[in-house]
Number of protein chains: 2
Amino acid sequence: MSRMNYMTPEYEETYIKNMEKILSLRPQVEKIVDQVMTPEKKNLFLVGIGGTLAIMLPFMKMFKKMSDAPVYAENAAELLAEGNRELCSDSVIFLMSDSGSTKEIIEVIKMAKEIGAVTICGIGHKDTPIEKLVDHSVLYLYKDAYTADADYLLQYMFFAYYLEKRGEFPDYQKFTENLARLPKALVEVKRQGDIQGEEYAKKYHKEDYTIFTAGGNIWGEIYCFAMCVLEEMQWIRTKSVTASDFFHGTLELVDEDTHVFIAKCEDESRPVTDRIEKFCRQYSDKVTVYDTKDYALEGIDPEYRSMFSPLVICAAVGRISPHMEYATGHSLAFRRYYKVVDY
Amino acid sequence: MSRMNYMTPEYEETYIKNMEKILSLRPQVEKIVDQVMTPEKKNLFLVGIGGTLAIMLPFMKMFKKMSDAPVYAENAAELLAEGNRELCSDSVIFLMSDSGSTKEIIEVIKMAKEIGAVTICGIGHKDTPIEKLVDHSVLYLYKDAYTADADYLLQYMFFAYYLEKRGEFPDYQKFTENLARLPKALVEVKRQGDIQGEEYAKKYHKEDYTIFTAGGNIWGEIYCFAMCVLEEMQWIRTKSVTASDFFHGTLELVDEDTHVFIAKCEDESRPVTDRIEKFCRQYSDKVTVYDTKDYALEGIDPEYRSMFSPLVICAAVGRISPHMEYATGHSLAFRRYYKVVDY
């Protein structure tokens with residue numbers, strides 16, 4: 001195994017170029033929103049499964065804060081099995097699929113066709129079944145397979161413009177200017193994260209179990225990282241618990257030998273994660289803290305720091321992966337079951 | 001440590017008597033619903049934290065299926081920190097607190113008073129701060145400290161009558177007749193569960209980690225059991241993952257040496273948990289399956305089996321606890337941090 005994806009000038013250059021390619025899709029994104037994600041529609045569904053749903057959750061927090069739009073987040077498998085009484089021909093369904101072939105997402109699009117609801121999908125690969133099937137799609141091909149940076153960026157464009165159309169994002173223009181400056185700021189985050197990631201891997205690559213906790217708008221990303229990277233790509237056991245539930249059960253597991261990973265951001269969840277950090281530092285010798293406040297985000301206006309936290313923490317935490325791969329010798333690309341065997 | 005809470009004729013008799021005492025609270029419950037949980041109200045919030053929120057989730061599934069009522073489930077800590085734009089003076093807030101002193105629940109009631117929203121709380125103990133503070137309360141004192149049977153029963157009474165009032169539960173009368181027969185049927189579940197629990201404890205009390213998965217309306221109960229019993233009361237590491245997310249990350253952890261606990265019920269989630277069981281039996285030698293179908297539920301009409309699944313699985317799985325306590329020698333009553341130290 002070679003040291004893939006390490007921070008090099010080439011990696012950084014490619015990252016910025018790829019993120020800027022995604023930003024250049026904005027006219028296409030706005031056109032789709034103008035055409036079908038209009039304020040007149042009855043409601044909006046964000047539908048994903050596993051990691052793709054997890055990284056939609058931050059936007060649910062954004063909607064909850066900024067909007068009166070009726071927006072629902074649904075797990076694709078559950079939506080297929082249980083339905084939703086609010087889903088109708090006047091609904092918009094927004095989906096994401098990296099592979100472009102996720103079974104449950106295909107089924108949701110077929111169901112939407114029957115109902116008459118319009119579907120939009122962000123797709124990470126060309127010439128896929130989903131691209132052929134879905135009503136509207138945006139290809140965002142320029143992404144790293146092991147982090148969701150690109151997926152967040154695409155969603156910021158969709159949902160910020162949707163809020164602007166609804167008259168709920170008065171400083172939309174300023175926001176997009178900040179968005180344009182984000183790739184360069186994120187490279188700095190990644191540089192810092194790379195040092196943190198190397199240290200993390202050195203210290204904890206032999207841990208067979210880690211508790212992950214986070215709150216606010218970065219919970220989805222941390223849940224996703226624990227499940228989709230450490231569990232799926234490293235076969236390391238994790239427990240993910242929201243910061244609000246931490247003190248209602250999981251806390252009793254903490255001792256000097258239990259590794260707790262706490263991610264902190266800059267929204268209303270901070271007092272709780274502060275309490276968790278204080279508690280864990282008192283009773284465990286193995287505490288890792290990632291804090292979005294630690295990254296300068298040069299060029300980003302302070303009022304958008306919190307909104308960008310999911311992508312910031314993703315950029316930082318994503319740097320753990322290549323170092324873990326190197327330290328454990330366990331390839332991030334290898335799977336024993338997922339899309340390998342039938343189940 | 002004595003063998004507390006073991007299935008004895010006395011235990012069974014007390015259980016039925018206590019559950020019937022809770023059922024006898026129905027006039028009080030219906031009076032509160034008649035007075036304040038009226039269909040004219042703008043919306044209904046179910047607010048809990050940790051385990052109490054988890055055991056409210058089954059009722060969100062019930063509402064989603066049967067009702068057009070605008071109902072929201074909120075984590076108390078998150079509601080306090082982030083608010084909710086839908087919460088207003090015309091909202092009803094339904095809460096549960098076993099101790100009657102849960103910090104976050106007290107704060108939610110105070111917030112509701114400021115807004116002018118009405119509050120209702122089910123309380124497990126007498127003369128508590130919450131009883132003094134809340135607008136309407138029902139004391140359900142007759143509960144076992146280690147399972148949520150009583151908490152479910154109280155909520156069935158509240159929410160079924162609420163649906164009846166909304167005209168969304170045409171067979172309410174028949175439902176309440178079934179509810180009245182439930183305690184006796186549940187004792188049979190507990191007898192079966194006791195045998196399962198003894199076997200479980202014998203086989204798995206030395207496991208330091210178990211994956212818990214479930215879907216549909218029993219997910220909340222399984223999440224709660226893993227976190228509030230095994231983690232909090234036994235210091236055993238768990239990962240809880242919804243059945244719909246299982247194949248999107250966690251599956252890669254499964255091997256011959258990883259204990260997976262699968263709970264199956266009788267709603268739309270069944271095909272997914274069936275797939276998980278098939279998969280796990282192929283790749284692991286340590287698979288535990290609890291299935292609500294395995295319990296006869298004598299006296300219960302078939303159309304209510306699925307609706308009662310959360311309480312059925314709770315009654316069954318709850319029997320694991322005393323056997324684990326005996327096998328591990330770790331008292332269910334002991335805490336090192338929770339309500340012991342400050343944090």
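## Close-up views of a predicted model

**Figure 1. Helices H4 and H8 of chain B.** In chain B, helix H4 (residues 57-66) packs with helix H8 (residues 149-165) at an angle of about 20°, and their axes are 11 Å apart. Because angles under 35 degrees count as roughly parallel, H4(B) is roughly parallel to H8(B). The crossing of H4(B) past H8(B) is right-handed. Remember that what you see here, and in each view below, is a predicted model.

**Figure 2. The residues that join H4(B) and H8(B).** Start with H4(B), which brings Pro58(B), Phe59(B), Met62(B), Phe63(B) and Met66(B) to the contact. Facing them from H8(B) are Tyr152(B), Gln155(B), Tyr156(B), Phe159(B), Ala160(B), Tyr162(B) and Leu163(B). Sorted by class, this contact has 11 nonpolar residues, one polar residue and no charged ones.

**Figure 3. Helices H8 and H9 of chain A.** Now move to chain A, where helix H8 (residues 149-165) and helix H9 (residues 172-204) pack at an angle of about 165°, with 11 Å between their axes. Angles over 145 degrees count as roughly antiparallel, so H8(A) is roughly antiparallel to H9(A). H8(A) passes H9(A) in a right-handed crossing. On the H8(A) side, look for Asp149(A), Leu153(A), Tyr156(A), Met157(A), Ala160(A), Tyr161(A) and Glu164(A). Their partners in H9(A) are Tyr172(A), Phe175(A), Leu179(A), Leu182(A) and Lys190(A). By class, the contact has nine nonpolar, three charged and no polar residues.

**Figure 4. The largest cavity.** The model has five cavities of 30 Å³ or more, and the largest has a volume of about 80 Å³. Which residues line the largest cavity? From chain A come Ala77(A), Glu78(A), Ala81(A) and Glu82(A). From chain B come Gly215(B), Gly216(B), Ala243(B), Ser244(B), Glu268(B), Ser269(B) and Val272(B). Helix H5 (76-82) of chain A and helix H11 (243-246) of chain B each supply at least two residues of this lining. H5(A) gives the most, with four residues. By class, the lining has four nonpolar, four polar and three charged residues.

**Figure 5. The second largest cavity.** Here the space comes to about 50 Å³. Of the 11 residues that line the second largest cavity, those closest to its centre are Asp144(A), Thr147(A), Gly318(A), Arg319(A) and Pro322(A). The lining of the second largest cavity has four nonpolar, four polar and three charged residues.

Notes:
Residues numbered from 1 in each chain as written. Chains lettered and ligands numbered in written order. Predicted model: local features only at pLDDT ≥ 70, side-chain atom pairs only at ≥ 80, totals over all residues. Heavy atoms only, no water. 1 Å grid on protein atoms, 1.4 Å probe; cavity = no way out; pocket = protein on both sides within 12 Å on 5 of 7 lines; lining within 4 Å. Points joined across faces, edges and corners; volume = space filled by probe spheres on them. Nonpolar A, V, L, I, M, F, W, Y, C, P; charged D, E, K, R; others polar. Axes fitted to C-alpha atoms, helices over the stretch in contact; angles between N-to-C directions. Parallel < 35°, antiparallel > 145°, perpendicular 65-115°, else oblique. Left-handed = near helix turned anticlockwise from the far one by under 90°. Contact = heavy atoms within 4.5 Å.
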